[in-house]
Amino acid sequence: MTEFFIFLKLGYQHITDINGYDHILFVVALCAIYRITDWKKVLVLVTAFTIGHSITLALAALNIIEYSTELIEFLIPVTIIFTCITNLFHKSSDNALAKEDFSPVRYVLALGFGLIHGMGFSNYLRSLLGKDENIIPQLLAFNIGLEFGQIFIIAIAMGLGFLIMNVFKVKKHTWNLILSSFVAGVAFKLMTEKWFF
C-alpha cells in the first residue's frame, strides 16, 4: 500500500510540476470556456482526457507501443493550440443562468489528445518503474495521482475565472479570449522550440 501512495503522489506531482507546464496548459485550455457552475461537464471532459492518456501510458510503460519522443513533444503543444483555437470560436453567453451548448466533439478531442499526452507521461513513468515485472498497481496509482492533479489545476483555473467574471465583471467571452490566447501563445513558443520537421 505504501508503494501505491508513493506512485499516487508522483502522478500528482508530475502533472502539477510547473516545469512540466505543457500538461498544465492543456488542462487550462480544456476548461477555459466553462463557468464554475459547469463543473460536472468539466469533470467528464477531464475524465475523457484521463482515459486517453491512461491507455497510451499503460501501453508505452508495458513496451507494447513505440513512438518518437521528439514527435510527441512537438504534438503536445499542437494539441494545446488546437484546443485554444476551438475555444476562440465558442460563443459564450454572458447570462450566468443561461444554458450553453457545448459540443460533444470536445469529449472526443479530449480523449484523442489524451492518447498523445499519455505518451508524453510514459518516459517519466518508465524511469520510475525500472524492471518491475508487475507494474499494474503502480500504473493505476500514477493515473489516479494525475487525475487528482488535473482536478486541482482545474479548481484553480475555474476559481480564477469565477473571480475575474464575478468580482471584476469581465464578460465570459472576453475571459475565454484572454485565457485561450495567452495559453495558445505560450504553447506556440513551446511548439517552435520542439519543432519536429
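Exposed means over 50% relative accessible area, buried means under 20%, and partly exposed lies in between. The exercises below apply these cut-offs to a predicted model.

**Exercise 1. Classify K189, then find its salt-bridge partner.**

Step 1. K189 has 51% relative accessibility. The cut-off for exposed is over 50%. K189 therefore counts as exposed.
Step 2. The salt-bridge partner of K189 is E193. Their closest N and O atoms are 2.5 Å apart.
Step 3. Both residues sit in helix α7, four residues apart, so about one helical turn separates them.
Step 4. An α-helix has 3.6 residues a turn, so residues three or four places apart point the same way.

**Exercise 2. How many salt bridges does the whole structure hold, and which parts does the one between K194 and E73 tie together?**

Step 1. The search of the whole structure finds two.
Step 2. In the K194–E73 bridge, the closest N and O atoms are 3.7 Å apart.
Step 3. K194 belongs to the segment after α7, and E73 to helix α4. The pair therefore links parts that are 121 residues apart in sequence.
Step 4. Check accessibility. K194 is partly exposed at 32%. E73 is partly exposed at 36%.

**Exercise 3. Decide whether α2 is enclosed or open to the outside.**

Step 1. Count buried residues: ten of the eleven in α2 qualify. Among them are D22, H23, L25 and V28.
Step 2. Find the packing partners. The buried residues of α2 pack against α1, α3, α4, α5, α6 and α7.
Step 3. Conclude: with ten of eleven residues buried, α2 is largely enclosed by the rest of the structure.

**Exercise 4. Describe the largest nonpolar core and the contacts of V183.**

Step 1. The core has 53 residues. I80, L125 and V183 touch the most other members.
Step 2. Assign the core to helices. Each of α1, α2, α3, α4, α5, α6 and α7 supplies at least two residues. The largest share, ten residues, comes from α6.
Step 3. Leave out residues up to four places away in sequence. V183 then touches L25, V28, A29, I80 and C84.

**Exercise 5. Which residues form the nonpolar patch on the surface, and where does F148 lie?**

Step 1. The patch consists of W39, L43, F148 and I151. Together they have about 390 Å² of accessible area.
Step 2. The elements giving two or more residues to the patch are α3 and α6.
Step 3. F148 lies in helix α6. At 45% relative accessibility, F148 is partly exposed.

Note on methods: Residues are numbered from 1 along each chain as its sequence is written. This is a predicted model: local features need pLDDT of at least 70, side-chain atom pairs count only at pLDDT 80 or more; totals for chains, interfaces and linings use all residues. Side-chain values use heavy atoms; hydrogens and water are left out. A nonpolar core is a set of buried Ala, Val, Leu, Ile, Met, Phe, Trp, Tyr and Cys residues joined through side-chain atoms within 4.5 Å. Buried means under 20% relative accessible area, exposed over 50%, partly exposed in between (1.4 Å probe, protein chains only). Contact means heavy atoms within 4.5 Å. Patches are made of residues with over 30% relative accessible area and no salt bridge: like charges are joined within 9 Å, nonpolar side chains (Val, Leu, Ile, Met, Phe, Trp, Tyr) within 5 Å. Accessible areas come from the Shrake-Rupley method with a 1.4 Å probe; for residues, only the protein chains shown count as cover. A salt bridge is a side-chain nitrogen of Lys or Arg within 4 Å of a carboxyl oxygen of Asp or Glu.
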